[in-house]
Amino acid sequence: MSFQTLARKTVKGVMENKLKLAVIDPLMQGGTDIPGKTKWIPIKPSTDGALVLGMMHWIFDKEKFDSKFLECPNEEAAQSIGFKSHTNATHLVIVDDKHPNNKKFLKPEDLGLEGDGFIVIDKKTGKPQLHSKASAAHLFYNGEVEGKKGTIKVATSLYLLKQGVNRYSIDEYAKICGISAKQIEEIAKEFTSHGHKVAVDTLGGTNSINALPFTVALWLLPALMGSYNMKGGMASNGPSFKTFAEGPKYDLATFDGQVKPSGVKISREQFHYENTTEYKNKVAQGKNPYPSKLPWHTNGLSLDGQTLFSAINKYPYQCKILVNCFANPIYGTPSLYQETMIEEIKKTSNIPLIISVDIVMGETTSYADYIVPDTSVYEQWAMVPVRANINTKMTSVRHPIIEPATPKVGSSNQPISMETFLIEVAKKVGMPGFGGDAIKDANGKLWPLNTREDYFMKAIANMAYDGDVVSNIEKEDDKITGLDSIPKHWQDAVKADELFAVKNVIAKGGRFEADTNYYDGEFMKYGNPSKICFYSENLANSKNSITGEYNEGMPVWMPETLADGTLVSEVYPSEEYPFSICSSKSKLRGISMLNNCPTLQVLSDKNYIEINALDAKDFGLKDGQEVTVETPTNKATGVLKVKQGVSRGTLGISFGYGKWEYGSKDTTIDGKVIKGEEIRSVGTATNPLALADKSVEGKYGLSDVVSGTHNRSGIKAKIVPLS
Amino acid sequence: MSRKWGMVIDVRKCVGCHACSAACRIENNVTKEGNRSWVIEQEVSNYPEVHTLKVPQLCNHCDNTPCVSACPVEATAKNEQGIVYVDREKCIGCFACVGACPYGARIKETENKKVDKCDFCAHRLEHGLLPACVTTCTTQARFFGDLNDPNSTVSKLLKENKYEVLLPEEELGPNVYYIGINEYKNLNK
Ligand code: SF4
Ligand code: SF4
Ligand code: SF4
């Protein structure tokens, strides 16, 4: 919903000459695109980091950052000069090999000072001072301070960032990303010409194996200008209403007998290899602990794709049951749908049991031992928080508008769905928090959890009573929405006096603050004062589990490498693989589950392999030609589209097409053949083309070691004509 | 003077999202054989200075109607509000009108042996609602109204802006107007 709002606001801003827009993308997708008002800047795939660091280079050279703001060492100092964020630009970091706390922030105790926090060089005195006690501090101090046990070499966070940025010249950055130095400087100049009224946004650039420094650097650009939480600057999403956590009416988050999840995630995320038994054992045996069998993604988050690589390698531990729901990792994860990987997924010695909860025979579901039918969007409940550019408070509610078509099962005779499956299994195995006496209301009374409505109706009651109470539903609304005839067990799931406010929330599709009041004076209304870090102590003190080398604490240009640090361009040279695939999200098939939508099938039945007209000429390729795209690990066929709006050396292939299951083939269920629809499989899929990483011991899709980001964009490829 | 419905589309504002086409398909139960509303995307100028011109299209509800003249059974006509419509009861599926329309605005429903086309969502207009493509438009690039009323949004837009029509050489007097096409086309010069 919110991307449409973004499009509307962008067009409006550009048409009224209030907004200047440059779209940096290997593919010219031509959304808001008005001659003389907007500009497309073609960039090579997976080089976004070079552009941003090039901009920072210019900003540092010309001192175009907001020094008054950056000099503020703490929140109060920044607030006193009108900002709603502050940074650690001035905080000193120990850069002394001989010091036990090398790479960490200098602490008061290192200097024999009292107090807590960080140390800065006070602008007034030129001496070290607690960050909370100075109102302004030196930005680029690099030198020594007198410690408890002798001098310590230190530098400020901003100094370290600048040092990292300056490892390459603007010309070198320009060469890497394919955007001229002049243009990089122009963008940097424009960016720094509006005070704190500038913002950045991204999506595609974050999907490469070298995307971490890019993503961090990009969010740091507006921090150099003090833009966070400012009107016209960077805004956080608006807040949500209370739903599942402890709310005004029901506590849906905690219950008696609750066990906190603990342990190491199988996806190898948020955990340091150095804390594993494997590491400790290797060290005890006097062996070099590096490399680990598969990378440990210390800074990764929610890496469902990595879960499957872990499972097929039985690393870090054996997966026993894989339950898949609301997901399709075999289609959605780069490098996974390849013969060598699929063979391993099929082995019951790797994954003894796969249960998939799905509404169709999806690519992942087709490997399941048990398939649990789920409900579709029209048959289910969901609560969706704010996304993207909405800066007011809202939570939307989806409710079943038809009776689910799935069979009724279990002790409460409910339509089978993900929720029914979980409730019934939990009750069977006697897990706390399900069945009778499961949910506590605000008065301490206990309620049962036997149906999905027992849960969702209560979450909506929390929403309805969060702050001002929502009014009761009007008679007319009750009637036209059909909420006047909801099943009895929906009604019984909340107190009688709450029901009509709950129904009003459902009827309105959720609860939404008026979309008018975004600001509080010069600040964004929402968004707590935030601290932005130019240097990350965590990152700098963690190691790459394959090479054993320390990570960088600040964003530094990183070419694409295998996990062991070998350059991808060395293993797969451009003479052999002249193209990089840019995987894009097309407007008519942005997610993996739209190929069964009849309207979209008619409006856009397939995707293409998009190529720059000059490249096509060089390689003797023609528009409409059938070709094979070959990568070092896989190949696929497709139809070429020759365009002006593709950067040189790029193949643009949009996501969502080229599926091989999802109702595209005939399926036999209980002896009955369900006819497949071939149109669902048309087009080319890029994820199966992504590279496997042969530099690690296990069977593994090329990913960034630190963050676990896959090789979604920047896949090395060549084109072989079929006709 | 009676009403004369017309549409104005500002192509500069169109982001090519095809939401109009999708909404029209759903609103009017359009078969898989074609679209009442569709969007053409075309690159103008060359790499790297390229732009994409998006032209949403539909029946132009022309003043001169070769499509109507082509029909042997008077199953299609222009009504007093300017809407060119098909009477599906009378339509015999000869598809003569389809060939007569230079805009490709008529859909052959081969299986049903009927012709389908945009009727400016007449069933919505009756209830005082705008056409589905207009209310759906993501960026408010489409405007609809009475061309005979000098105070309507469409009349004002045409007074205040330079505009074009598609295939002016056909001289059919189309009632769908476009603002901004030349800003793109001029780039090719
Ligand atoms: S656009 Fe085609 S179908 Fe519509 S009125 Fe004109 S000629 Fe007839
Ligand atoms: S006016 Fe109605 S029928 Fe015509 S294109 Fe728009 S939505 Fe379709
Ligand atoms: S809905 Fe509006 S913006 Fe989207 S394609 Fe149609 S006319 Fe263009």
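**Helix pair in chain A**

I began with helix α6 (residues 170–177) of chain A and helix α7 (residues 181–191) of chain A, whose axes come within 8 Å and cross at roughly 105 degrees; the axes are lines fitted to C-alpha atoms, for helices over the stretch in contact, and angles run from 0 to 180 degrees between N-to-C directions. Helices (H or I, at least four residues) and strands (E, at least two) are DSSP runs, numbered from the N terminus. I noted that α6(A) and α7(A) are therefore roughly perpendicular to each other, on a scale where angles under 35 degrees count as roughly parallel, over 145 as roughly antiparallel, 65 to 115 as roughly perpendicular and the rest as oblique.

With contact taken as heavy atoms within 4.5 Å, I found A:I170, A:D171, A:Y173, A:A174 and A:C177 on the α6(A) side and A:A181, A:I184 and A:E185 on the α7(A) side. I sorted the residues of this contact into six nonpolar, no polar and two charged, where Ala, Val, Leu, Ile, Met, Phe, Trp, Tyr, Cys and Pro count as nonpolar, Asp, Glu, Lys and Arg as charged, and the others, Gly among them, as polar.

**Basis of the entries**

I am reading a predicted model, in which local features need pLDDT of at least 70 and side-chain atom pairs count only at pLDDT 80 or more, while totals for chains, interfaces and linings use all residues. Residues are numbered from 1 along each chain as its sequence is written, chains are lettered from A and ligands numbered from 1 in the order in which they are written, and side-chain values use heavy atoms, with hydrogens and water left out.

**Sheet in chain A**

I looked up an open sheet of three strands in chain A, with the order β9-β17-β18 and antiparallel pairing; two strands pair if DSSP finds at least two bridges between them. The edge strands, each pairing on one side only, are β9 (250–251) and β18 (446–449) of chain A. Strand β17 (residues 435–441) of chain A is joined to β18(A) by three bridges in the antiparallel sense, and A:G435 stands opposite A:L449 in β18(A). Helix α14 (residues 452–464) of chain A packs on this sheet, touching β9, β17 and β18 of chain A, and its direction makes about 135 degrees with that of β18(A).

**Sheet in chain B**

In chain B I found an open sheet of three strands in the order β8-β1-β9, with mixed pairing; its edge strands are β8 (142–146) and β9 (176–179) of chain B. Strand β1 (residues 5–10) of chain B and β8(B) pair in the antiparallel sense over five bridges, with B:F144 of β8(B) as the bridge partner of B:M7. Helix α6 (residues 153–160) of chain B lies across β1, β8 and β9 of chain B, at about 110 degrees to β8(B).

**Hairpin and backbone exceptions**

I then followed strand β2 (residues 38–44) of chain B, which pairs with strand β3 (residues 51–57) of chain B in the antiparallel sense over seven bridges. Six residues lie between the strands of this hairpin, and B:S45 takes a positive phi near 65 degrees. B:P48 is found in the loop between β2 and β3 of chain B, and the peptide bond from B:Y47 to B:P48 is cis, with omega near -5 degrees. I recorded a cis peptide bond between A:Y315 and A:P316 as well, with omega about 5 degrees.
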